[in-house]
Amino acid sequence: MAHIRLYNPEQDAEAAFALWRDTLNREWPLTAAQFRQVVTTPPLYRPGDDFVAEENGRVVGFVATQAQRGAYVQQPGGNIVVLLVAPEAQGHGIGRALLDHAAAHLRDAGMLWAGIGGRMPRLWPSVPDNLPAAKAFFQACGWEFQGISYDLVQHLDHYVTPPGVLERMAAQGVRLEAAGAADMPELLAFEDREFSGWANEYHAAADLGDYADCLIARDADGPIIGALMMYGPQSHPQRMDVVWKGLLGENVGSLGAVGVAQTARQRGIGLALVARGSEILKERGVGNCHIGWLVLVDFYGKLGYTKWHAYDMSGKALQAQSQ
């Protein structure tokens with residue numbers, strides 16, 4: 001039986017990427033640098049979060065985890081970012097052993113639950129639709145599936161905001177503008193209060209100085225009532241909001257973490273944020289614009305975004321939840 005040990009990025013990076021290349025790179029092409037950056041980039045990654053399975057001195061399996069820690073996390077949870085087993089070693093229990101080991105690691109780190117997929121940076125939000133064998137594997141290991149989420153995409157070369165979307169904001173006195181350093185304390189407080197589930201992503205962008213990647217909506221009397229996160233070629237290189245440049249192009253961009261204050265909904269602000277964000281990314285030279293991990297396909301469809309991939313969402317309560 002293979003021996004499971006901690007992943008050493010300096011020693012094991014080449015072997016781990018070889019597993020990716022031999023199993024998934026045809027459907028989901030990555031460079032070695034992109035793969036390493038996703039599995040070992042802060043803020044969610046810490047040394048000791050990843051593991052390899054070794055057999056006769058050779059790495060035959062790899063699993064990467066993320067633990068959602070920090071002051072802005074209300075219910076600590078973890079993720080199985082990726083699980084890989086060499087083709088010739090599959091069917092011998094190595095994948096299940098790695099999965100169990102990773103779940104135990106997250107449980108011991110105080111995580112209450114774990115999901116398949118990742119946060120930021122991530123490969124996928126859960127199990128992608130073109131990897132049916134992966135879903136069958138996780139089901140056989142006792143992981144439940146709870147629904148479908150989607151990634152959407154649109155090329156922005158010919159993007160034009162439909163009439164009335166931004167005019168409605170002007171009529172209400174709502175201002176849409178890229179944030180600056182002076183806006184960040186208010187914006188981060190807004191995210192902590194209204195959308196704690198993705199507050200860490202805003203804090204991470206702020207820590208890297210990507211203030212202008214935060215698009216904010218201010219009401220007529222001044223306060224922030226909505227925001228979204230943008231990503232494009234000018235974003236900090238440590239951010240990996242979209243990793244699939246081999247599929248979507250080197251100038252790929254993204255929009256995400258779109259949220260409007262509870263008291264300001266039903267006014268068209270969310271749609272206007274996405275529209276203005278699309279315009280800004282077009283101005284910044286983005287080609288394909290990716291929007292990930294969502295169910296509101298028709299909402300974004302109003303602006304021309306269409307389905308790219310679907311994901312079977314999976315999660316599992318960990319033992320720490322009942323303690």
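**Figure 1. Gln-266 is found in the loop between β11 (253-260) and α9.** The model is predicted: local features need pLDDT of at least 70, side-chain atom pairs count only at pLDDT 80 or more, and totals for chains, interfaces and linings use all residues. Residues are numbered from 1 along each chain as its sequence is written, and side-chain values use heavy atoms, with hydrogens and water left out. Helices (H or I, at least four residues) and strands (E, at least two) are DSSP runs, numbered from the N terminus. Most residues other than glycine have a negative phi. Gln-266, although not a glycine, has a positive phi of about 70 degrees. Its relative accessible area is 76%, so Gln-266 is exposed; exposed means over 50% relative accessible area, buried under 20%, and partly exposed in between (1.4 Å probe, protein chains only).

**Figure 2. Asn-56 occupies the loop between β2 and β3.** This residue is not a glycine, yet Asn-56 has a positive phi of about 55 degrees. Asn-56 counts as exposed because its relative accessibility is 81%.

**Figure 3. A cis peptide bond joins Met-120 to Pro-121.** Most peptide bonds are trans. Here omega is near -5 degrees. Pro-121 has its place in the loop between β5 and β6 (127-128).

**Figure 4. Helix α5 (residues 165-172) and helix α9 (residues 269-283) cross at roughly 120 degrees.** Their axes come within 9 Å; axes are lines fitted to C-alpha atoms, for helices over the stretch in contact, and angles run from 0 to 180 degrees between N-to-C directions. The angle therefore makes α5 oblique to α9, given that angles under 35 degrees count as roughly parallel, over 145 as roughly antiparallel, 65 to 115 as roughly perpendicular and the rest as oblique. The crossing of α5 past α9 is left-handed; this term applies if the near helix is turned anticlockwise from the far one by less than a right angle, and right-handed applies if clockwise. From α5, Val-165, Leu-166 and Met-169 meet Ile-269, Leu-271, Ala-272, Ala-275, Arg-276 and Glu-279 of α9, where contact means heavy atoms within 4.5 Å. The residues of this contact of α5 with α9 divide into seven nonpolar, no polar and two charged. Ala, Val, Leu, Ile, Met, Phe, Trp, Tyr, Cys and Pro count as nonpolar, Asp, Glu, Lys and Arg as charged, and the others, Gly among them, as polar.

**Figure 5. Helices α1 and α2 pack at an angle of about 115 degrees.** The axes of α1 and α2 are 10 Å apart. The angle makes α1 roughly perpendicular to α2, and α1 passes α2 in a right-handed crossing. Pro-9, Ala-13, Ala-16, Phe-17 and Trp-20 in α1 meet Ala-32, Phe-35, Arg-36 and Thr-40 in α2. By class, the contact of α1 with α2 has seven nonpolar, one polar and one charged residues.

**Figure 6. The largest nonpolar core has 53 residues.** A nonpolar core is a set of buried Ala, Val, Leu, Ile, Met, Phe, Trp, Tyr and Cys residues joined through side-chain atoms within 4.5 Å. Trp-20, Phe-35, Phe-62, Leu-123 and Trp-124 touch the most other members. Not counting residues up to four places away in sequence, Leu-123 touches Trp-20, Leu-30, Val-38, Val-81, Val-82, Val-243 and Trp-244. Apart from this core lies another, of 50 residues, including Leu-187, Cys-214, Leu-228 and Ala-310.

**Figure 7. Ser-314 has its place in strand β13.** With a relative accessibility of 7%, Ser-314 counts as buried.
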